[in-house]
Amino acid sequence: MVRAAAMTKRKKIALIGAGNIGGELAAQISRMELGDVVLFDIPAKENFAKGKALDLEQDQALSGRDSSVIGSGNWADCAGADVLIITAGIPRKPGQDREDLIASNLPIIRDVADNAKKHCPDALAIIVSNPLDVMVYEFKRRTGWPKQRVVGMAGMLDSARFELFLAREAGVSVKDVRAMVLGGHGDSMVPILSACTIHGVKATEFVAKDKLDAIIARTRKGGGEIVGLMGTSAYYTPATAAVQMTEAYLRDQKRMVACAAYLEGEYGLKDMYMGAPVVLGAGGVEKVIEVELSPEEKEMLAKSAKAVQGVMDIVNKMS
Ligand code: APR
């Protein structure tokens with residue numbers, strides 16, 4: 001008789017929203033075999049989700065990978081998920097700010113939070129829907145989940161944009177560039193120049209001030225640049241960032257990355273979500289790291305916090 005060795009059960013990752021980012025998430029996660037995937041969408045898009053899932057599962061078969069990808073319009077299929085990645089919502093159209101999405105996306109995040117609480121009470125929730133900082137806050141408020149298990153994807157994406165522009169300007173590999181972008185996920189985001197290095201050497205030694213200023217300006221508008229070109233928002237890089245966050249959690253990598261984290265006094269900010277460096281591991285958001293900021297950076301962060309607070313005030317009135 002052949003006995004199966006005691007195996008760890010495959011992880012379950014539920015993707016809430018089977019649109020552009022959801023589809024790319026499903027593709028990356030299944031190729032990495034991070035776990036079984038449920039690609040969930042509203043009833044009107046259920047067959048669309050099922051079709052994408054079937055295509056991806058056939059891709060798995062072609063490549064000899066066993067984890068499953070199913071499409072669904074039923075929350076019960078997401079039950080017991082280890083990770084939820086939430087992209088449910090409407091993306092931006094040209095000319096729109098992320099804040100213009102509040103009216104459409106607030107009821108959606110509330111619906112998702114209520115179902116997540118009911119069906120996936122132990123999951124780590126990674127929120128991607130915009131306006132990001134406020135959507136994460138609302139998800140945490142509505143579920144009452146601990147801050148370690150509710151996190152927003154934005155800082156890694158903004159940092160990657162900054163790193164790319166810097167690498168191209170300096171004529172070096174992106175592999176050697178490290179940047180950190182903090183604050184709200186909007187035009188007031190704060191690139192931390194002191195933490196921005198090319199293999200440990202300050203970026204300011206490679207790139208002139210006017211060029212750096214132009215890179216910062218382009219990073220701040222990085223999402224809008226793509227919306228302007230494509231007519232909808234970016235999806236490959238947002239997906240990659242959320243997958244890296246998922247991997248850090250499931251494989252306890254203790255990665256230090258920029259994410260939207262719940263602040264309780266760090267950076268002088270309380271009871272709000274904003275981009276900050278965190279350690280992501282098996283405990284979820286295990287730590288929020290406070291880095292030394294220059295007076296100028298502090299001022300920019302305060303301004304960014306004010307912008308996020310302004311959106312939160314609008315949301316609180318919509319309760
Ligand atoms: N539950 C589940 N899915 C939902 C819900 C809901 N209540 N409401 C809407 N959706 C689904 C839509 O049916 C759609 O398939 O969310 C999906 C969103 O997919 P896209 O329109 O392709 O948007 P995408 O580019 O993936 O961006 C999603 O992430 O970056 C942000 O600004 C972006 O808020 C947007 C979100």
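Modeller: Happy to. The structure holds 0 disulfides, a disulfide being a pair of cysteine sulfur atoms within 2.5 Å. For Cys78, which is in no disulfide, the nearest cysteine sulfur belongs to Cys120 and is 5.5 Å away. Cys196 is in no disulfide either, and the nearest cysteine sulfur, that of Cys259, is 18 Å away.
Modeller: Before we go on, this is a predicted model: local features need pLDDT of at least 70, side-chain atom pairs count only at pLDDT 80 or more, and totals for chains, interfaces and linings use all residues. Residues are numbered from 1 along each chain as its sequence is written, and side-chain values use heavy atoms, with hydrogens and water left out.

Biologist: Is Cys78 buried or exposed?

Modeller: Buried means under 20% relative accessible area, exposed over 50%, and partly exposed in between (1.4 Å probe, protein chains only). Cys78 is buried, at 0%, and Cys196 also counts as buried, at 0%.

Biologist: Which residues cover the two faces of strand S5?

Modeller: In a regular strand the side chains alternate between the two faces of the sheet. Helices (H or I, at least four residues) and strands (E, at least two) are DSSP runs, numbered from the N terminus. In S5 (residues 124-127), Leu124 and Ile126 lie on one side, Ala125 and Ile127 on the other, and all are buried.

Biologist: How many bridges join strand S4 to S5?

Modeller: Two strands pair if DSSP finds at least two bridges between them. Here 4 bridges join S4 (residues 83-86) to S5, and the strands run parallel. Leu84 has Ala125 as its bridge partner in S5.
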